[in-house]
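Hello,

Here is the structure I promised to pass on to you. Have a look at it first, and then read on for what turned up in it.

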Amino acid sequence: MGRVTERRKVLRIRDGAVSTRPDTLVAEEPLEIRLNGKPLAITMRTPGDDFALAAGFLVSEGVLATAAELQNIVYCAGATADGGNTYNVVDVKTAPGVALPDVSLERNVYTSSSCGLCGKASLDAVRTTARWPIADTPPLRVAPELLASLPDRLREAQRVFDRTGGLHAAALFDEAGRLLDSREDVGRHNAVDKLVGRALQNDALPLSRTILMVSGRASFELAQKAVMAGIPVLAAVSAPSSLAVDLAAETGLTLVGFLRGSSMNVYAGEDRIALREAAARG
């Protein structure tokens, strides 16, 4: 849609010198997600990959799990009073027979660009609704050196960040460390939804032999999205939340935080980390 960045005039102060100049900012706009014509959620996102974002969101909510369950996604014409299309409203139509949430009883999610879900009820909900249990057979084994290389590779994929400095990113890597896909968004949870949604559209779920690398922290919501997509390893450059660690421990997700240089903390699922090989070389 060409709305990923916008230009604004700023007052710049450097070492006492004052000037005005245009600055490139990441765009942030609301996206309303409708399910079979009924409003379900609103998220603040960077425009682009909106259909994948909507599909990924519905995977994380337990509505969709296969490409066959998704009939189509369209932008809603007449989204404004004058009948114009803002490209900020999408309608997801599911295939016949797909079980739907009771929208009248749903939380009608408003998702900010830094939000996260919380609470024991959310833990229970993920455990009972996950359609792709983490079942990497044979078990995925990831060397610490491979994990240590991922933040730089994620950073290299952040094209819009280079222009704005204001975007989060998420990337999928295979077990050999090859980059499979990467997405940027003002919200890291949206970036993950875009990855998962594209995988759903390509009929590639579950993502059972992949590593999800995210910028920033690992919230419960990101761990939830990894579990719902069948991803066995989630790595973040910053800290996880306590609830993210609880969810990882309960579901078998490998959760790595503070991944910086050759250092990292493994909070759950340490059996997938190739420690013996690392110790033998060290």
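Let's start at a turn. In the hairpin made by strand 8 and strand 9, four residues lie between the strands, and Gly-177 takes a positive phi near 90°. Please keep in mind that this is a predicted model.

You can find Phe-173 opposite Leu-179 of strand 9, while Ala-171 has Ser-182 in strand 9 as its bridge partner.

Strand 3 (residues 29-35) pairs with strand 4 (residues 38-45) in the antiparallel sense, over seven bridges. Leu-35 stands opposite Lys-38 in strand 4. Two residues lie between these strands, and Asn-36 takes a positive phi near 50° in this hairpin.

Next, the helices. How do helix 1 and helix 5 pack, and at what angle? Helix 1 (residues 50-60) and helix 5 (residues 188-201) make an angle of about 90°, and their axes are 6 Å apart. Angles of 65 to 115 degrees count as roughly perpendicular, so helix 1 and helix 5 are described that way. Among the residues that meet are Ala-52, Gly-56 and Phe-57 in helix 1, and Asp-193, Val-196 and Gly-197 in helix 5. Sorted by class, this contact has eight nonpolar, five polar and three charged residues.

Is Asp-193 buried or exposed? Its relative accessibility is 2%, and buried means under 20%, so Asp-193 counts as buried. Leaving aside neighbours within four places in sequence, Asp-193 is in contact with Ala-52, Leu-53, Gly-56, Phe-57, Ser-60 and Lys-225.

Helix 1 itself is mostly covered, with ten of its eleven residues buried. Those buried residues include Asp-50, Leu-53, Leu-58 and Ser-60. After helix 1 comes Gly-62, which has a positive phi near 80°. Helix 6 (residues 220-228) is mostly covered too: nine of its nine residues are buried, including Phe-220, Glu-221 and Lys-225. Helix 6 is followed by Gly-230, and the phi of Gly-230 is positive, near 75°.

What about the interior? In soluble globular proteins, nonpolar side chains tend to be buried together. In this model the largest nonpolar core has 50 residues, and Leu-58, Val-92, Leu-205, Leu-212, Val-214, Leu-234 and Leu-253 are those with the most contacts inside it. A second, separate core has 17 residues, including Ala-171, Met-213, Ala-235 and Val-256. Beyond four places in sequence, the contacts of Val-92 include Ile-33, Leu-35, Ala-54, Leu-58 and Ile-73.

Thr-94 sits in strand 6 (residues 89-94), and it counts as buried at 7% relative accessibility. Not counting residues up to four places away in sequence, Thr-94 touches Leu-35, Asn-36, Leu-64, Glu-69, Gln-71 and Leu-100.

Finally, some backbone details. Most residues other than glycine have a negative phi, and most peptide bonds are trans. Here are some exceptions to look up:

- Thr-137 and Pro-138 are joined by a cis peptide bond, with omega about -5°; Pro-138 lies in the loop between helix 2 (120-129) and helix 3 (144-156).
- Leu-205 and Pro-206 are also joined by a cis peptide bond, with omega about 0°; Pro-206 is in the loop between helix 5 and strand 10.
- Asp-49 has a positive phi near 55°; it is found in the loop between strand 4 and helix 1 and counts as partly exposed at 31% relative accessibility.
- Tyr-87 has a positive phi near 55°; it is in the loop between strand 5 (70-75) and strand 6 and is partly exposed, with a relative accessible area of 31%.

Enjoy exploring, and write back with any questions.

Best wishes

Notes:
Residues are numbered from 1 along each chain as its sequence is written. This is a predicted model: local features need pLDDT of at least 70, side-chain atom pairs count only at pLDDT 80 or more; totals for chains, interfaces and linings use all residues. Side-chain values use heavy atoms; hydrogens and water are left out. A nonpolar core is a set of buried Ala, Val, Leu, Ile, Met, Phe, Trp, Tyr and Cys residues joined through side-chain atoms within 4.5 Å. Buried means under 20% relative accessible area, exposed over 50%, partly exposed in between (1.4 Å probe, protein chains only). Contact means heavy atoms within 4.5 Å. Two strands pair if DSSP finds at least two bridges between them. Axes are lines fitted to C-alpha atoms, for helices over the stretch in contact, and angles run from 0 to 180 degrees between N-to-C directions. Angles under 35 degrees count as roughly parallel, over 145 as roughly antiparallel, 65 to 115 as roughly perpendicular and the rest as oblique. Ala, Val, Leu, Ile, Met, Phe, Trp, Tyr, Cys and Pro count as nonpolar, Asp, Glu, Lys and Arg as charged, and the others, Gly among them, as polar.
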